[in-house]
Amino acid sequence: TIEAVYKIIKDILPNGYFPIAWDPGGALFCFDLNKGGTYGFLYFLPEGDDPELVTENFQDLLDELIET
């Protein structure tokens, strides 16, 4: 259930981030929903490390996936 998943990730999920997927190693892909200049950016959150920016624009990511 979504509640069970939340219990697992709540301690590693930064405030204001919304998870949309995770990789096989358990790292999360999240949107930043905090107000400000990074709202809507997509980040990769490896456990125990700082968030890594994937893209500032989700549409650009989709376009790149279609092209490859």
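**Notebook: surface patches**

I looked up the nonpolar patch and found that α2 gives the most to it, with three residues. The model is predicted: local features need pLDDT of at least 70, side-chain atom pairs count only at pLDDT 80 or more, and totals for chains, interfaces and linings use all residues. Residues are numbered from 1 along each chain as its sequence is written, and side-chain values use heavy atoms, leaving out hydrogens and water.

I listed the nonpolar patch as Phe 18, Ile 20, Leu 33, Tyr 39, Phe 58, Leu 62 and Leu 65, with about 650 Å² of accessible area together. The elements giving two or more residues to this patch are β1 (17-22) and α2. Patch residues have over 30% relative accessible area and no salt bridge; nonpolar side chains (Val, Leu, Ile, Met, Phe, Trp, Tyr) are joined within 5 Å, like charges within 9 Å. A salt bridge puts a side-chain nitrogen of Lys or Arg within 4 Å of a carboxyl oxygen of Asp or Glu. Areas are Shrake-Rupley values with a 1.4 Å probe, and for residues only the protein chains shown count as cover.

I checked Ile 20, which lies in strand β1. Ile 20 counts as partly exposed because its relative accessibility is 39% (buried is under 20%, exposed over 50%, partly exposed in between; 1.4 Å probe, protein chains only).

I then noted a patch of negative charge on the surface: Glu 56, Asp 60, Asp 63, Glu 64 and Glu 67. Asp and Glu count as negative, Lys and Arg as positive, with His and the chain ends not counted; charges are placed at NZ of Lys, CZ of Arg, CG of Asp or CD of Glu. Asp 60 lies in helix α2 (residues 58-67). Asp 60 has 45% relative accessibility and therefore counts as partly exposed.

I recorded the order of elements as α-β-β-β-β-α (DSSP runs numbered from the N terminus: helices H or I, at least four residues; strands E, at least two).
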